[in-house]
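Dear colleague,

I am passing on the structure below, and my notes on it follow. Please read them with the model open beside you.

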Amino acid sequence: MQRILDPAQIESFAQRTIPRIRLPDSASLFARRAERLRKLGKNHAVGDYLRLMAAVSDAQQAALDTLPLLPSPSGQVADQVEQRMAQARTHAMPPLQASGWPRDSRWRTILNELCDAVAALPDSPDAVRAACARVRERQTAQLEEQADLLLAAGTHGVDAEAAPFIMAALQVYWVHLVASLNMDAARDLAIEHHSAATVDVSGVCPVCGTLPVVSVVRADKQYQGYRYLHCALCATEWHLVRVKCSHCLSTEGIAYQSIEGGSEAVRAESCEHCHTYRKILYQEKDMDVEPVADDLGSLALDLLMAEEGYHRGSGNPLLWQASEG
Amino acid sequence: MADMTRRRFLMVTGASLAGSSLALLGFSPTAALAEVREFKLARTTEVRNTCPYCAVACGIIMYGLGDDAKNAKSSIIHIEGDPDHPVNRGTLCPKGAGLIDFIHSPSRLQRPEYRAPGSDKWQPISWDEALGRIAKLMKEDRDANFEAKTADGTTVNRWLTIAMLAASAASNEVGYLTHKVMRSFGTLAFDNQARV
């Protein structure tokens, strides 16, 4: 896409710095995801699953919209939160680091809301209803343990039936945390933090420390042509230069693999150095791409990449594999 | 701590889907697995480079089809400015924007050619012949025109009858080597800017 710039535009380009962080828009994040999942679900090999996750995303948006009405934590938990954030500031760590975060019980309230909303849908299959009921019956300790496991990207002992619901609830909780941060402080901290070499190396979300689900080459005005990694938990996007492996940071042996005759907006960015891939979405080819939805909607690409012997950099938050241990 | 060893082996396969959330919530991966039989992967590349035209040295991304590693002859299909590059931030000048045509131009020079004095024909020659001839002519010219001292006795060690045009996309290291080589000959005139 080439166009001619006038001198004023060139001047404004020269003064521009790359926006390092895109914070999630909590007013529409999950609603957009639900809409995209529904669109992708039409005539899709796993369309039923995509529609179920669309229902989960709708419930997520509803839960997020009402979350500020729940009483926020006070006393000991609030002190712990203060302490963690102060510590993060001192050591240039992600301010809302998911692993080890003092979660309060609101996330389990959200989880129950999600399960109830999905179970109450008239077209929910019996198997899904039963699963929702089973998730609701799980002990608090069990749920907390699963949450710890999912947030730490653990794979041993994942409860794959409950995991998409648990992760969905945690997403709502974290997006709310991001939204309720003092925005300027969050942005400054994240930017400062992101420019530190240590963060660039680890490739994790500068806000919550989670691995990205996919990367997106954005096409909207301010971000055009820049590639962002999309956090699987809090939906923050952070900049990474193009043509670079988001797993091992190699810049050699990078290829872009897609399904012949399929969408050009979804590719697997593969690395010959670490034999890992992570999908990359091109918004220029499809304005409506949504990171979590398009990743889930392109399972076929994952299957083909696995046949070629490539590993996935990290999983999709709405599809978990049962572990063998 | 992230479970690094297990995560390295995260793969989406028929077997793993059978034990995934999808199957556990009562959906069948069969259709997805059957569908994949009909699909084939297409491989493209994106490569970062520097525009060869001028000393501004804009960053470019070259989009290629095919991959030499897979025995498919690669071909560049599109070139655009590198948005991450601090110099041009994704933009290109009209000359740079036409780079793709330079690569695929039928009149692009791809091997050394020689036109004998008085002849109107270009003839292909080998790199060895070309370099041998250049070296021989340079030696003759330097022997004839090298000045060690000026008329008033000042040492100058210069060779003014030759000039060198080098590459504008050269790195610092290549620039250093160009400088060392040409200055050791006593050459004063060389330029790294292909502005013409």
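The model is a predicted one, in which local features need pLDDT of at least 70 and side-chain atom pairs count only at pLDDT 80 or more, while totals for chains, interfaces and linings use all residues. Residues are numbered from 1 along each chain as its sequence is written, and chains are lettered from A, with ligands numbered from 1, in the order in which they are written.

By that rule, strand β7 (residues 155-165) of chain B pairs with β8(B) in the parallel sense over four bridges, and within this pairing B:W159 stands opposite B:T187. Both strands belong to an open sheet of three, ordered β6-β7-β8 in chain B, whose pairing is mixed. Because β6 (147-149) and β8 (187-191) of chain B stand at the edges with a single partner strand each, one side of each has no neighbour in the sheet. From one strand to the next the twist averages 25 degrees. Helix α8 (residues 172-185) of chain B packs on the sheet and touches β7 and β8 of chain B, its direction making about 150 degrees with that of β8(B); axes here are lines fitted to C-alpha atoms, for helices over the stretch in contact, and angles run from 0 to 180 degrees between N-to-C directions.

As for the two chains, 43 residues of chain B are in contact with 49 residues of chain A, contact meaning that the C-beta atoms, placed from the backbone, lie within 7 Å.

The domain assignment of chain B, whose bounds come from an automatic or database source, gives domain 1 (12-40), domain 2 (44-104) and domain 3 (113-191). The centres of domain 1 and domain 3 of chain B, taken over C-alpha atoms, are separated by 66 Å.

Finally, pLDDT is the predictor's confidence in each residue, from 0 to 100, and chain A averages 89, with 92% of the residues scoring at least 70. Over residues 196-201 of chain A, however, the pLDDT is below 50, and beyond near neighbours in sequence this stretch has five contacts in the model.

Note on methods
Two strands pair if DSSP finds at least two bridges between them. Helices (H or I, at least four residues) and strands (E, at least two) are DSSP runs, numbered from the N terminus.
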